[in-house]
Amino acid sequence: MNFARYYHTASILANGLVLVTGGYNGSTYLSSAELYNPSTGTWTITGNMSIARKEPILSILANGLVLVTGGYNGITYLNSAELYNSSTGTWTITGSMNFARYFHTASTLANGLVLVAGGAISSGVYLNSAELYNPSIGTWTTTTNMSVARGHQTASILENGSVLVASGCNPAYLNSAEVY
Ligand SMILES: *[C@@H]1O[C@H](CO)[C@@H](O)[C@H](O)[C@H]1NC(C)=O
Ligand SMILES: *[C@@H]1O[C@H](CO)[C@@H](O)[C@H](O)[C@H]1NC(C)=O
Ligand SMILES: *[C@@H]1O[C@H](CO)[C@@H](O)[C@H](O)[C@H]1NC(C)=O
Ligand SMILES: *[C@@H]1O[C@H](CO)[C@@H](O)[C@H](O)[C@H]1NC(C)=O
């Protein structure tokens with residue numbers, strides 16, 4: 001890659017390229033993003049996010065845009081979200097989440113909405129809140145809270161369209177699971 005980084009995130013785009021964004025390099029929180037081209041095995045720099053963030057979460061939307069949510073920029077936990085358009089290679093700020101969070105999950109539902117659940121807003125403070133992003137209007141609405149606050153969980157979309165959220169910590173290690 002062009003930049004050393006850890007605590008970054010990666011997602012496979014519809015065009016086959018892999019988008020890597022954000023992270024931390026030991027001294028600086030990163031806004032930079034780059035694309036891996038599997039046919040050449042090389043990395044190209046693409047547009048920077050507006051906000052540096054480590055441990056953000058990427059979601060591929062039905063319209064092909066990539067949504068980045070939350071993370072931490074070294075000063076504050078982020079509620080901001082941005083959209084990446086691979087045709088222009090640029091990021092645009094979209095609506096902010098109701099809750100700042102990292103260590104959360106994001107799942108693109110069959111109806112096109114993105115479900116963001118849980119996470120943390122500082123070490124030891126975990127969230128039970130969940131919210132939905134509507135790509136057609138670019139805004140977030142809170143939805144039913146999880147029964148248990150959790151971060152570092154997993155979220156899996158089941159065949160019937162429900163989302164299985166499993167385990168994580170709050171900060172106790174959890175074995176509970178719930179379905180949205
Ligand atoms: C993007 O971020 C990198 C790393 O912080 C910086 O070197 C570069 O100048 C930035 N690019 C633009 C176009 O701002
Ligand atoms: C991405 O950018 C292109 C070029 O500006 C534009 O035509 C297209 O509508 C954008 N995609 C979305 C989903 O907004
Ligand atoms: C959901 O959780 C949030 C944050 O913990 C809290 O502010 C809110 O009141 C809860 N909502 C409901 C419907 O219980
Ligand atoms: C999908 O399956 C799960 C697991 O059996 C169940 O809890 C959930 O209610 C189902 N969702 C729908 C929409 O039927």
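Strands 13 and 14 make a hairpin with five residues between them, and Gly 161 in the turn has a positive phi of about 95°. Strands here are DSSP runs (E, at least two residues), numbered from the N terminus. The model is predicted, so to speak of local features takes a pLDDT of at least 70 and side-chain atom pairs count only at pLDDT 80 or more, while totals for chains, interfaces and linings use all residues. Residues are numbered from 1 along each chain as its sequence is written, chains are lettered from A and ligands numbered from 1 in the order in which they are written, and side-chain values use heavy atoms, with hydrogens and water left out.

Across from Thr 154 stands Ala 166 of strand 14.

Val 20 sits opposite Glu 34 in strand 3.

Now for the ligands. Around ligand 4 are Leu 158, Asn 160, Ser 162 and Val 179, each with a heavy atom within 4 Å of the ligand. Two polar contacts (pairs of N or O atoms within 3.5 Å) stand out here. One puts an N or O atom in the side chain of Asn 160 at 2.3 Å from an oxygen atom of ligand 4; the other has a polar side-chain atom of Ser 162 at 2.7 Å from a nitrogen atom of the ligand. On its own, ligand 4 has 360 Å² of accessible area, and the protein covers 35% of that; such areas come from the Shrake-Rupley method with a 1.4 Å probe.

The shell of ligand 2 is made up of Asn 63, Leu 65, Asn 85, Ser 87 and Thr 88. Asn 85 has a polar side-chain atom 2.3 Å from an oxygen atom of ligand 2. Taken alone, ligand 2 exposes 350 Å², of which the protein buries 40%.

Methods:
Two strands pair if DSSP finds at least two bridges between them. Helices (H or I, at least four residues) and strands (E, at least two) are DSSP runs, numbered from the N terminus. A polar contact is a pair of N or O atoms within 3.5 Å; within protein, one must be able to donate a hydrogen and the other to accept it, and residues adjacent in sequence count only if both atoms are side-chain atoms.
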